[in-house]
Amino acid sequence: MAQDVDYYHLEELLSEEERMVRDVARRFVDEEFLPRVQRCFRESSFPMDLIPRLGQLGFLGMTLPTQYGCAGLNNVAYGLVSQELERGDSGLRSFASVQSSLVMYPIYTFGSEAQKSFWLPRLASAEAVGCFGLTEPDFGSNPGGMITRAKREKGGFVLNGTKRWITNGSISDVAVVWAKLEQDGKDVIRGFLVEKERKGFTRHEIEGKFSFRASVTSELIFEDCWIPEENLLPGSGGLKSPLMCLTQARYGIAWGATGAAIACYECAVDYAKNRIMFSKPIGGYQLVQAKLVSMLTEITKAQLLSFRLGKLKDAGKMRPEHVSMAKMNNVSTALHIARLARDILGANGITDEYPIIRHMLNLETVNTYEGTEDIHRLTIGRDITGLSAFE
Ligand code: TGC
Ligand code: FAD
C-alpha cells in the first residue's frame with residue numbers, strides 16, 4: 001500500500017516480511033519498469049528482457065513451496081506484489097498472474113510428480129513461460145460449452161480446436177490447454193500440457209488492441225496435434241478444474257486493480273494541486289475535491305476488502321464467491337477512478353505523457369477477463385438466493 005494513499009494505516013497490519021516483499025516489487029516497478037512502459041505501450045510490445053527479473057525476484061508462483069524453486073510466501077504478500085506490479089501496468093501483473101495462478105497452480109494442483117519437478121522450477125525462474133487456454137472464439141463467459149476436444153490415440157491424445165485471447169500465448173514454451181475428452185460415454189473437461197514445438201500447434205498474436213498493448217495476447221490453434229499420455233494433467237477433471245485456477249488468478253486481480261487505481265489517483269492529486277484554472281489550482285474547487293475524495297475512499301475500501309480476502313485465503317476459509325465480490329468491486333471501482341482521474345487532467349488526460357489513459361484502457365480488459373463484472377454479480381446473486389441465472 002503506497003504511503004500517500006494509506007489513509008487507514010493498513011501498513012500497520014502487514015508483517016515485516018510482507019512489507020519487505022512489497023517494497024522489493026515497488027522498487028522494481030519504479031526503477032526498471034515505469035521508465036519503459038510508455039514506449040512498450042506505444043509499440044505494443046512486452047518488455048521481454050524483464051521476464052527473467054520477475055523470476056529472480058521470486059514473483060512467479062510465489063505462494064508455492066520452496067521445494068519446487070518457489071518463494072513459499074503467504075497470500076497477502078502475493079496480493080501486495082500484484083498491487084505493485086499493476087501500479088506499473090495491468091499487462092505486467094497479468095504476466096505474473098498467468099504464469100503463477102493459471103500455469104504453475106494447475107501443474108502443482110493437478111500434475112504428476114514428474115510434471116511438477118520438470119516444469120515448476122523452470123516456470124518459477126522464468127526459464128520457461130506458460131499460458132492458459134480456456135476461452136474460445138465462441139465460448140467466453142460459458143467455457144463449459146467449449147468445442148476443443150482431445151481424442152485418445154497411439155499412446156496419447158490428439159487435440160483439435162481453437163483458443164482465443166490467450167495472454168502470453170505466442171511467447172510461451174508450454175500451454176495449459178483445456179479440452180473435452182470422452183470418458184465412459186461422457187465428455188469431461190481435462191487439462192493438457194502442450195509444448196510449443198508440438199506438430200499441429202500454431203499460434204499468432206492478436207493485432208489492433210487498444211487495451212493491454214504492453215502484453216501479448218494470442219490465438220492458439222490445434223490441428224490434429226498429438227501429445228503423449230504423460231502430458232495429461234492426471235488430477236484434472238470437469239469444469240471445476242479450470243475454475244479453481246481462475247479463483248487463484250482473480251484473487252491477484254482484486255489486489256492488482258487497486259494498484260492501477262492508486263497510480264491514477266496519485267497522478268490526479270498532483271495535477272490538481274498544480275494546474276491553475278481561473279484564479280487558483282483546480283484542487284481548490286469543491287467539485288474537483290469531491291472527485292478526489294471519492295477516489296481515495298474507494299481505494300481505501302478496496303484495500304480493506306483485499307486485505308481481509310488475503311487473510312481468509314491464508315486461513316483456508318476463502319470461497320470462490322468471496323473472490324467474485326472483490327474482483328467485481330475492485331476492478332469496476334478502479335475503472336471508475338481511472339475515468340475520474342482522466343477527467344481531472346482535462347485534455348492532458350488523453351495523452352500517454354501521464355499514466356492514466358493507459359490504465360483506463362487496460363482496466364476495460366481487466367473488467368472483462370477472468371469473469372466479466374456481470375458474471376461475478378450473477379455468481380454472488382446465485383450464492384445469495386440459491387437460484388442460478390446461468391441456466
Ligand atoms: P458451475 O456449475 O457454477 O461450476 C462447475 C463446478 O465448478 C465449481 N466452481 C468453482 N470452483 C472453484 N472456483 C470457482 N470460481 C468456481 N466456480 C464454480 C462448482 O462448484 C462446480 O463444482 P461441482 O463439484 O459441482 O462440479 O458452472 P457453470 O457452467 O454454471 O459456470 C459458472 C460460471 C459462469 C460462473 C463460470 O463458467 C465462469 O466463471 N465463467 C467466466 C469465465 C472466465 O472467467 N474465463 C476466464 C478465462 S482465463 C482469463 O481470462 C485469463 S486473463 C489473464 C489474467 O488473469 O491476467
Ligand atoms: P462474452 O462472454 O461474449 O460476454 C459479452 C457480454 O455479455 C459481457 O458483458 C457479459 O457480461 C455478457 N454476458 C454473457 N453471459 C451473460 C449472462 N449469462 N447474463 C448476463 N450477461 C452475460 N482467456 C483465457 O482463457 N486465457 C487468457 O490468458 C486470457 N487472456 C485474456 C487477455 C485479454 C487482453 C482479454 C481481452 C481476454 C483474455 N481472455 C483470456 C478471455 C476472457 O476471459 C474473456 O474475454 C472473458 O471471459 C469474456 O468472454 P467474451 O469476451 O467471449 O465475452
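Trainee: What volume does the largest cavity have?
Mentor: About 50 Å³. Keep in mind that this is a predicted model.

Trainee: Okay. And how many cavities of 30 Å³ or more are there?
Mentor: The count comes to 1.

Trainee: Which residues line the largest cavity?
Mentor: The lining is made of F59, M62, Y78, V81, S82, L85, R93, A96 and S97. By class, that gives 6 nonpolar, 2 polar and 1 charged residues.

Trainee: Which helices supply at least two residues of that lining?
Mentor: Those are α3, residues 75-88, and α4, residues 90-110. The most comes from α3, with 4 residues.

Trainee: Let's move to the pockets. How much space lies in the largest pocket?
Mentor: About 1,400 Å³. Its lining has 49 residues, and L246, R250, Y369, E370 and G371 lie nearest the centre.

Trainee: Which element has the largest share of the lining there?
Mentor: That's α6, with 8 residues. The elements that each supply at least two residues are α4, β3 (156-167), α6 (240-274), α8 (320-344), α9 and α10 (373-385).

Trainee: And how does that lining divide by class?
Mentor: Into 20 nonpolar, 21 polar and 8 charged residues.

Trainee: Now ligand 1. Which residues come nearest to it?
Mentor: There are 26 residues around ligand 1, and the nearest are S94, T247, R250, E370 and G371.

Trainee: What distance separates an oxygen atom of ligand 1 from the side chain of R250?
Mentor: 2.7 Å, taken to an N or O atom in the R250 side chain.

Trainee: Which helix gives the most to the lining of the second largest pocket?
Mentor: α4 does, with 4 residues, and α3 supplies at least two as well. By class, the lining has 5 nonpolar, 6 polar and 1 charged.

Trainee: New topic: R358. Is R358 buried or exposed?
Mentor: R358 is buried, because its relative accessible area is 6%, and buried means under 20%. You'll find R358 in helix α9, which spans residues 356-368.

Trainee: What does R358 touch, not counting residues up to four places away in sequence?
Mentor: L34, V37, F41, G88 and D89.

Trainee: Last one, S15. Where is S15 found?
Mentor: In the segment before α1, the helix covering 16-43. S15 counts as partly exposed because its relative accessible area is 32%, which falls between the 20% and 50% cut-offs.

Trainee: How far is the C-alpha atom of S15 from that of D352?
Mentor: They're separated by 36 Å, and the two residues are 337 residues apart along the chain.

Notes:
Residues are numbered from 1 along each chain as its sequence is written. Chains are lettered from A and ligands numbered from 1 in the order in which they are written. This is a predicted model: local features need pLDDT of at least 70, side-chain atom pairs count only at pLDDT 80 or more; totals for chains, interfaces and linings use all residues. Side-chain values use heavy atoms; hydrogens and water are left out. Buried means under 20% relative accessible area, exposed over 50%, partly exposed in between (1.4 Å probe, protein chains only). Contact means heavy atoms within 4.5 Å. On a 1 Å grid over the protein atoms alone, a cavity is a set of points where a 1.4 Å probe fits but cannot get out, and a pocket is an open set with protein on both sides within 12 Å along at least five of seven lines; lining residues have an atom within 4 Å of a point. Grid points are joined across faces, edges and corners, and a volume is the space filled by probe spheres set on the points. Ala, Val, Leu, Ile, Met, Phe, Trp, Tyr, Cys and Pro count as nonpolar, Asp, Glu, Lys and Arg as charged, and the others, Gly among them, as polar. A residue is near a molecule or strand if one of its heavy atoms lies within 4 Å of it. A polar contact is a pair of N or O atoms within 3.5 Å; within protein, one must be able to donate a hydrogen and the other to accept it, and residues adjacent in sequence count only if both atoms are side-chain atoms.
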